[in-house]
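Morning, everyone. Please have a look at the structure on the screen, and then we will walk through it together.

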Amino acid sequence: MKRPIRIAPSILSADFATLGADIQRVERAGADWIHVDVMDGHFVPNLTLGPEIIRAIRKSTALPFDVHLMIERPELSIAQYAEAGADRIGVHAETCPHLHRTVQQIHALGKRACVVLNPSTPAIAVEPVLGEVDQVLVMSVNPGFGGQKFIRSVLPKVRQLRDWIEQRGLDVELEIDGGVNRDTIADAARAGVNVFVAGNAVFREPDYAAAILELRKLAEDA
Ligand code: DX5
Ligand code: ZN
């Protein structure tokens, strides 16, 4: 089953002083989803934003918010993110000892559930819940910052996940995040990714529309 290519600009690389306007600019430029990086300064060494900012920017766009929770104990605040306007909620497998329960919790809030894997976490960590989730996100950098270098050694893991998804006939989006740009996106697409987060590769380019179009074409032609 061929899934649509989706480009999800990460607002971590946007200008936080003009966030609403920047989101509207990437929407007009052809973005499919808005990727929102929530960091707690504990699970990852950086602190970004929380539900109140999501509530504020929710008014700027109708595009789906793909909320990536890089926080400890996500089960304690998932409901707040859902209520603030998240459409898709991603939790790291490394933060969820009761991963199946947390996925159920996201679904009970009426949202799409995503499980995220750090570069050093194997595919098998999500395999037991693969039939329960809507999305798997493979990190291609160690989470915490935008603008890092793509870690190519995660690609066999992407391929393994794509194979499981196909063999089992599952309806799961396979996403990659970190260092995605014109030099790396085709390899990720060939490994089986269909959703591409891009921070610097969109927001640090002068022409967002041209940047998104180029990334989309490279992924489609891969
Ligand atoms: C990293 C974040 C990413 C990051 C991507 O921890 O999860 O979403 O913003 O930025 P780029 O595409 O610049 O690597
Ligand atoms: Zn992210």
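Let's start with the surface. The accessible surface of the protein is about 9500 Å². Carbon and sulfur atoms account for 51% of that surface. These areas come from the Shrake-Rupley method with a 1.4 Å probe, and for residues only the protein chains shown count as cover.

Now a word on where this comes from. This is a predicted model, where local features need pLDDT of at least 70 and side-chain atom pairs count only at pLDDT 80 or more, while totals for chains, interfaces and linings use all residues. Residues are numbered from 1 along each chain as its sequence is written, chains are lettered from A and ligands numbered from 1 in the order in which they are written, and side-chain values use heavy atoms, with hydrogens and water left out.

Next, the overall build. The protein has 8 helices and 8 strands. Both are DSSP runs, numbered from the N terminus: helices are H or I with at least four residues, strands are E with at least two. The radius of gyration is 16 Å, close to the 17 Å that the globule rule gives for 222 residues, so the protein is as compact as a globular protein of that length. That radius is taken over C-alpha atoms, and the rule is 2.2 Å times the number of residues to the power 0.38. Along the principal axes, the C-alpha atoms fill a box of roughly 40 × 40 × 30 Å.

How much of the protein is buried? The figure is 56% of the 222 residues. Buried means under 20% relative accessible area, exposed means over 50%, and partly exposed is in between, with a 1.4 Å probe and protein chains only.

On to contacts, meaning heavy atoms within 4.5 Å. Take contacts between residues at least 6 apart in sequence: 65% of them join residues at least 24 apart.

And charge? There are 24 positive and 29 negative side chains. Lys and Arg count as positive, Asp and Glu as negative; His and the chain ends are not counted. The centres of the two sets lie 2 Å apart, with each charge placed at NZ of Lys, CZ of Arg, CG of Asp or CD of Glu.

Let's zoom in on one helix. Helix α5 covers residues 155–167 and has 13 residues. From first C-alpha to last, α5 reaches 18 Å, close to the 18 Å expected at 1.5 Å a residue. The expected span is 1.5 Å times one less than the number of residues.

Which residues of α5 are buried? They are Leu155, Lys157, Val158, Leu161, Arg162, Trp164 and Ile165. An α-helix has 3.6 residues a turn, so residues three or four places apart point the same way. The cover over the buried residues of α5 includes β5, β6, β7 and α6. Gln160 also sits in α5, but Gln160 is partly exposed at 31% relative accessible area. Just after the helix, Gly169 takes a positive phi of about 65 degrees.

Most residues other than glycine have a negative phi. Now look at Arg73: its phi is positive, about 50 degrees, although it is not a glycine. Arg73 is in the loop between β3 and α3.

Glu75 is in the loop between β3 and α3 too. Glu75 is partly exposed, at 25% relative accessible area. Setting aside residues up to four places away in sequence, Glu75 touches Thr102 and Gln105. Glu75 and Gln105 are 30 residues apart along the chain, with their C-alpha atoms 7.7 Å apart.

Last stop, helix α1. Val26 lies in that helix, and Val26 is buried at 0% relative accessibility. Beyond four places in sequence, the residues touching Val26 include Pro9, Ala31, Val202 and Phe203. Ala31 is in the loop between α1 and β2, and Ala31 is buried at 6%. Its contacts beyond four places include Ile7, Leu63 and Ile212.
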